[in-house]
Amino acid sequence: MKLYHASALELRNPDINFGRKNADFGGGFYLSDSLEFAKKWANERKNCVNFYSLDLTGLSVKRLERNKEWFEYIANNRSGNSDLFKGADVVIGPIANDTLFDTYGIIFSGLISDEDALELLKTGKQFCQINVKSERRREISNGKNAKFLTNKSC
C-alpha cells in the first residue's frame, strides 16, 4: 500500500508517539492513501510530502466507514478518553470534513443531535486516513512492514 504524510521534515523513521493523543483515531502516525490530500495538507500547513509503502500482512487492522461507529470513535478520541481500538496496529477510515472541531463542539454543547452531526461530518469529498498506532512499532518503523520511499521537495 503506497501512503503519504505531509511534514515540515523528511521522515525516514516515523514516530507513533510524536502526534496528539486526542486526534481523530487517537495517537499514532497518520498517513493518507491520497497524494491529492497530502499535497493539499502540505501546501496549507507544511512544506513536503513523504512517501511510504506499508504492508498490512500480519497486522491487526480496524477499518471504519462513515457511520455511527466512526462518529463515536472520533468523539471518544477527541474527548481524550481511552482508545476503544487499543488492540489495533492500524486504523483506517474516512477523514471527517474540515468542520470537525466545530461540529463536535456543537454536539458537546447539546445544540444538535448525534444523528444530525453525523450527517454534517459526511459532507464533502471523502479522503482516507491511516493511523499506524501499534505497540509493535519497531516492526513497522524498522522496515519490516513500512518503508520510506522518497519525499517531495523537503
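Axes here are lines fitted to C-alpha atoms, for helices over the stretch in contact, with angles running from 0 to 180 degrees between N-to-C directions. Helices (H or I, at least four residues) and strands (E, at least two) are DSSP runs numbered from the N terminus.

I'm working on a predicted model, where local features need pLDDT of at least 70, side-chain atom pairs count only at pLDDT 80 or more, and totals for chains, interfaces and linings use all residues. Numbering starts from 1 along each chain as its sequence is written, and side-chain values use heavy atoms, leaving out hydrogens and water.

**Helices 2 and 4.** I looked up how helix 2 (residues 68-78) meets helix 4 (residues 114-121): the angle is about 95° and the axes are 10 Å apart. That makes the two roughly perpendicular (65 to 115 degrees). Helix 2 brings Lys68, Trp70 and Phe71 to the contact, helix 4 Asp114, Ala117, Leu118 and Leu121 (contact: heavy atoms within 4.5 Å).

**Asn131.** I found Asn131 in strand 6 (residues 128-132). Asn131 is buried, at 0% relative accessible area (buried is under 20%, with a 1.4 Å probe, protein chains only). One polar atom of the Asn131 side chain sits 2.9 Å from the backbone oxygen of Phe25. Leaving out residues up to four places away in sequence, Asn131 touches Gly26, Gly27 and Val91, among others.

Conventions
Angles under 35 degrees count as roughly parallel, over 145 as roughly antiparallel, 65 to 115 as roughly perpendicular and the rest as oblique. Buried means under 20% relative accessible area, exposed over 50%, partly exposed in between (1.4 Å probe, protein chains only). A polar contact is a pair of N or O atoms within 3.5 Å; within protein, one must be able to donate a hydrogen and the other to accept it, and residues adjacent in sequence count only if both atoms are side-chain atoms.
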